[in-house]
Amino acid sequence: MVEDLRLDSLEGVGPVTTRKLSDAGVHNVMDLIVRGPVEIAEITGMEKETAEKIVNKARQHLVETGLISRDFVTATEVYKRRQDIGKITTGTNCLDTLFDGGIETQALTEVYGEFGSGKTQFAHTLAVMVQKPKSEGGLDGGVLYIDTENTFRPERIVSIAQAHEMDPEKVLDRIIVARAYNSAHQTLILEEAGPVIEENNIKLIVADSAVGLFRAEYLGRGTLSNRQQKLNHFVHMLSRIAETYNCAAVATNQVMASPDVFFGDPTRPIGGNVVAHTSTYRVYFKKSGKKRIARMVDSPHHPEEEVLFALGEAGVMDIEDAEKKPGKKTAKKATKKDKEPDTVESVELETVESAKLEDKSAEDSDDLESMEE
Ligand SMILES: Nc1ncnc2c1ncn2[C@@H]1O[C@H](COP(=O)(O)OP(=O)(O)O)[C@@H](O)[C@H]1O
Ligand SMILES: [Mg+2]
């Protein structure tokens, strides 16, 4: 562990407190910030005031060592800190365009869409691409992959790595998979992630899916607020970890495709407002025959736009690469071929229409959950 991050490097934190904290899974100064005073008090049985003092000290300490920014900073400093933001290429031209270069660190990116829309394939692709050197659009970093649906497949990692001319064995080695069996376990994994992130230079954390287990375990209206509270805790922690450790966080969220199957808005992300309000970026994936559409829904600085992509051996792919020869990817700089313009247009029109409908129904049904949140 970096010397600066040791709990006992904080003034007034002796062996007893250190012990108390590490018993509760808080192993370093970063963890203190990530968990926050309320939770620290809860898990250690400390007085709330004491916990506040310790967390404030931790914050001060990290400011002094230059690891995080002060509470009041000039826009210049914010701008400087944003210069540290890394981007992970998606391995495609189309999605890189949508994300303006790639998936950002210090941010939570939510990907929502119906079953089979490519969320898991996207996450697998990123888990490979983040390992590329910086000169090739990666961050030369490792991955923490929280798998809640048992859909992580090392075989897919191998073929994606091969398609990108990377050594599959090395790539597999740098992905740490945490299989979560229930929502409490999923939360625990994140709570204990600090040292793992540091030791393995993790630059990407995937929660696939972030919401599924919470949804399955908390059924019915009576438990809604409880579910949202727990989910809120998980998602906030994810986003704080992304900020403090300067890594990218990607959370997937499934929406129902058919209005007949379940009650409620068919195309609304299950996580409701909780995930949406916490994410920095939100992308909507949609099936369109064999192709897929990705739409940037909410972003502080991206225009709302959409692109077409494909799924194949190489994970998420540019349409022209996928159509060329399954599994073979052209060099990234290859010039874009004309893609039958009328197909693209008709698909886009259709999405714009459905997007309008969807936004409207999302507004209508938001009230219920926001009241209970
Ligand atoms: N090896 C592969 N080659 C081509 N397409 C694949 C491959 N593996 C999965 N897919 C595509 O990915 C789809 C599943 O995507 P997935 O990411 O699991 O969806 P989601 O996580 O959104 O439910 C499948 O329907 C299939 O079209
Ligand atoms: Mg999936």
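**Helix packing and the ligand shell**

In helix α2, Val29, Leu32, Ile33, Gly36, Pro37, Ile40 and Ala41 meet Lys48, Ala51, Glu52, Ile54, Val55, Ala58, Arg59, His61 and Leu62 of α3. Contact here requires C-beta atoms, placed from the backbone, to lie within 7 Å. By class, this contact has 11 nonpolar, 2 polar and 3 charged residues. Ala, Val, Leu, Ile, Met, Phe, Trp, Tyr, Cys and Pro count as nonpolar; Asp, Glu, Lys and Arg count as charged; the others, Gly among them, count as polar.

The model is predicted: local features need pLDDT of at least 70, side-chain atom pairs count only at pLDDT 80 or more, and totals for chains, interfaces and linings use all residues. Residues are numbered from 1 along each chain as its sequence is written, while chains are lettered from A and ligands numbered from 1 in the order in which they are written. Helices (H or I, at least four residues) and strands (E, at least two) are DSSP runs, numbered from the N terminus.

Two packed helices are described by the angle between their axes and the distance between the axes. Axes are lines fitted to C-alpha atoms, for helices over the stretch in contact, and angles run from 0 to 180 degrees between N-to-C directions. The axes of α2 and α3 (residues 48-64) come within 8 Å and cross at roughly 160 degrees. The two helices are therefore roughly antiparallel, a label for angles over 145 degrees, with under 35 as roughly parallel, 65 to 115 as roughly perpendicular and the rest as oblique. Their crossing is left-handed. In a left-handed crossing the near helix is turned anticlockwise from the far one by less than a right angle; clockwise is right-handed.

Helix α2 (residues 29-44) also packs against α12 (residues 224-244), at about 140 degrees and with axes 9 Å apart. This crossing is right-handed. Met30, Ile33 and Val34 of α2 meet Met237, Arg240, Ile241 and Thr244 of α12.

Helix α9 (residues 183-191) crosses α12 at roughly 20 degrees, with axes within 10 Å. That makes α9 roughly parallel to α12. The crossing is left-handed.

Around ligand 1 stand Gly113, Phe115, Gly116, Ser117, Gly118, Lys119, Thr120, Gln121, Leu311, Gly312 and Glu313. Each has its C-beta atom, placed from the backbone, within 6 Å of the ligand. Helix α6 (119-129) and strand β10 (306-312) each supply at least two shell residues. Helix α6 gives the most, with 3. By class, the shell has 2 nonpolar, 7 polar and 2 charged residues.

Notes
Contact = placed C-beta atoms within 7 Å.
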